[in-house]
Each structure stands twice: as structure tokens, then as C-alpha cells.
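Open the model in your viewer and keep the selection panel handy.

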Amino acid sequence: MTNEDPDIFGGGSSVLLVNVIVNGKKGSIYIDESGKIGETCEGTNAGLKSEAEFIIDGNGAIATPGFTNTHTHAAMSLLRGYADDMHLQQWLSEKIWPLEAHLTGEDVYRGTELACIEMIRSGTIAFNDMYFFMDQAAKAVDEMGMKAVLCHGFIDFGDEAKRESEIKATEALYSHVKGMNNPRIKMATGPHAPYTVSREGLTWCSEFSKEKDVHLHIHLSETETEVKECIEQHGKKPAELLEECGCLTNKTIAAHCCWLDDAECELLGKYGVSPSHNPASNMKLAGGRAMPYQKLLDAGANPTLGTDGCSSNNNLDILEEVKFAALLQKFFWNSDTVLPANEAYDMITSAGAKALGFGPGRIEKGAPADIVLIRTDVACNTPLYNPVSNIIYSCGSNAVDTVICDGRVLMHENTIPGEEEILKKASETAFDLVRRKEDAG
Ligand SMILES: O=c1[nH]cnc2c1ncn2[C@@H]1O[C@H](CO)[C@@H](O)[C@H]1O
Ligand SMILES: [Zn+2]
């Protein structure tokens, strides 16, 4: 790749990608100033070449639609390696929540910047994020040039005063994101889970989402214990409770979904929910069951893929995650044909983009130019019988060379502007957070 001009990172320019493999053929892609794909064609298309402000020579790279991570807690990047090898409830209540009590907006800003670096490096262009101080997460996403759906993690534990403050935080995020007027950034409601949010809280979130036409992002049936407790407390299974509270729609993204039974899968299918499979987190926290991917797909749901946060993963590498997904599904359901490479690829491209409402997740005329170049002059892509197979089963994020989101180049020739400073600041911020917690006893 030839273009050395640092302005290539500025955005708002027309870009011609030449010498790439696009939709299975050698060709080129023209990106217009508005960040949309103008044309894709075979050959180098000299006509368009003269118009483009920047030309990126892909050197035979695979041009793939950028990837979408449909469940994470981006700023938990600061908690990477802070508490490992524990049981989920103990991990949350004894380690994670006490540390999160000391989080500041500045921490979330720095942690989200770090998360964006990691995601861009694995070819991710969009993510679905649940955390706190989300105005600061929005600032980081805006600056890093990615797309995101952001929600405040709404937890009321049945307490009315707490519920009121969570409602205020959700409304404030709505106004803030609306005021940013950035089409790459959306907000959602974020009822954390059926075991941390009351019926009233779940209902408020679903009504707010419908009224404002925004997504709803929730954890669902991650562990067997929470399913048992839900039945004891509410006399219903978790997905049934969500249906009753109006939380199941085609704008709902439900993370984990491990312990859903057949009838619950049918419910998610009926409403066109997007489940987010999080295999690394489920394996690490020993959830004991993999998401029933095939049942959800057959029922009409839109299965997608998420990494979960860096404290249960411990990275945000979607290429690592997608391989885990394809392998875990086969292993757990004892079927060597479940979740084949092309379906795993759909999960991180078209299905993910559909879940978050960020275009078709395909490289086609008129679509947002969300394009990733994956090198082919590397061992993991040699030989290149089947690009999709290699992307899912053999490529690591070290093969990701260039990342373009809405026509803006976020990484080129493996370089992301400002990366060194972002890593340094994130590391300082993380140690400072832990120090504040220890000082407070
Ligand atoms: O795997 C998980 N299950 C449940 N909660 C989680 C998981 N990972 C992170 N969080 C928690 O969700 C909240 C988001 O606002 C945070 O408290 C975060 O620690
Ligand atoms: Zn989560």
C-alpha cells in the first residue's frame, strides 16, 4: 500500500481502493466524499482513479465489510486482568462492582478509547456498548471514528429511588446523543438484566425505547441460576418476563441467551430479537451452556456476536471471538455442521449491522463504506481457497491492515493515529482507579 499522506486519516475525502478482492473477485472500490460506496468493479477502473483524492493499493488484500460487536462494556478494558477465574456472581459482586463504584467519566473516556483501538485492530467498525458515564464513551467513539449504540447500564434492584436516578441517566444520555447529531452514534435503553432490574424498570425501558424509536440492550439468561431465580420470583422464564414487560422487539439485543429453552427461542424469533452470542465470556465464566444458535436462527431471530467486556474475555478481538463461536457451537451441540464459516461470517457482518441499524453490512453500491482490508501475503491466508473460511478459522487480527468506517480511514497499513498516547493514558488511568479504590478501603 502506497499512500503515505497522513491526511488519509482525516475523512471527508474520496478514496479508491485498488487491487483488492471484493465479493470474491479482483477489483476496486470507489468511496465518495459522503462516505458511501460509489462503485465496485473488476480491474482498477482508471476512470474513477482520476477522481479519487486518495488511492489505497490493497496489494491483493481481501476487502470485507467491517465487523460488528453486538455486546460489550468498552471501558471495562481498564479492568482487564483485574479479577479472573471466578464464579460470575462472586466476580460481579465482590470484585467488579466494588471497583466500578469508583469509576469517573474520565476513566470511561480513556477506557473507551483503548477499547476502540483494540476493536479497530481486529476489523471492528461498530459496537453495542453498555456502561456508565456514557457521554464520555460517546466522546471517545466520536473522536475514534467508529459507530456505536450506547446505553447506560440500568440497575434498580427493585428500589424506587434508584430507579428514578437510572431513568434520569437514561433520559440525559438520550438528550446528549441527540445533541451530538452524529449519525455514527446512537443511544439505547440498557436494562442490565432481569435479575438486576424490576418489572417496573424493564417496562419503563421498553416504553422509552418504543417512544423514542431506539434500541434496547439487555443481558438475558447467562446462567442457570438466574433462570431458576426468575422462575421462583416471577413465576416465569426470563424471556417470558421480558415479553410481558414489552422488552422483546426487533430493536432488542439480548446478550448471552445461553439458557433459553425451545419455547423462549421461539419467542425471540417471533419478535425478531437479535441475540448476541458471547462464547469467550461464557466459557471463561463457566456458564455451562452455549447459546442455542441453531434454534434461534430457525425460529427467526437474528443471531449476532459479541465479545462482552474485557474483564470476562479478556480482549475485544472479534476475529478470535468468531472462531470461538464456530468451535463452541460445534463442540457443545455435538454437531460438526452447526455454525459453518459462512454463517459465522454473517453474524459479524450483515446480521450485526442489521441488529444495530448501521446499513446492510455488505460491500455494495450506496452502502456506508465500512470496509476492512485483510492481507493475503501472510501465512494465515496461504493458500487462499476460500476467503470466508480463512477469515473465520485461520486469520488473526494481525492480518488486518486497513479499516475504513463511513469512508473515514481509521487504520492504514497497521497504523492508528494517536495509538501510543491512548495506550499510555489508559494504563495510567487504570492504575489510578485501582489506587482510589484501595485508598477508600
Ligand atoms: O457477563 C456479565 N454479566 C453480567 N453483568 C456484566 C457482565 N459483564 C459486565 N457486566 C456488568 O454490566 C454492567 C454494565 O453496565 C457493569 O456493572 C458490568 O460490570
Ligand atoms: Zn455483558
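Two residues count as in contact here if their C-beta atoms, placed from the backbone, lie within 7 Å. Keep that cut-off in mind for the residue lists below. Remember too that this is a predicted model.

**Stop 1: two helices.** Select residues 160-180, which form helix α5. Angles under 35 degrees count as roughly parallel, so α5 is roughly parallel to α6. Now look at the handedness: α5 passes α6 in a right-handed crossing.

**Stop 2: the contact residues.** Show side chains on the α5 side: Arg163, Glu166, Ile167, Thr170 and Tyr174. On the α6 side, pick Glu200, Gly201, Trp204, Phe208 and Lys212. Colour them by type. The contact of α5 with α6 divides into 4 nonpolar, 2 polar and 4 charged residues.

Stop 3: Zoom out and switch to cartoon. The protein chain has 16 helices and 15 strands. Its C-alpha atoms fill a box of roughly 65 × 50 × 40 Å along the principal axes. The radius of gyration is 21 Å; a compact globule of 441 residues would have one near 22 Å, so the two agree.

Stop 4: Colour the chain by burial. Of the 441 residues, 54% are buried. Finally, draw the contacts with a separation of 6 or more: 72% of them join residues 24 or more positions apart.

How values were computed:
Residues numbered from 1 in each chain as written. Chains lettered and ligands numbered in written order. Predicted model: local features only at pLDDT ≥ 70, side-chain atom pairs only at ≥ 80, totals over all residues. Axes fitted to C-alpha atoms, helices over the stretch in contact; angles between N-to-C directions. Helix = DSSP H or I, 4+ residues; strand = E, 2+ residues; numbered from the N terminus. Parallel < 35°, antiparallel > 145°, perpendicular 65-115°, else oblique. Left-handed = near helix turned anticlockwise from the far one by under 90°. Nonpolar A, V, L, I, M, F, W, Y, C, P; charged D, E, K, R; others polar. Rg over C-alpha atoms; globule rule 2.2 N^0.38 Å. Buried ≥ 20, exposed ≤ 12 C-beta atoms within 10 Å, placed from the backbone.
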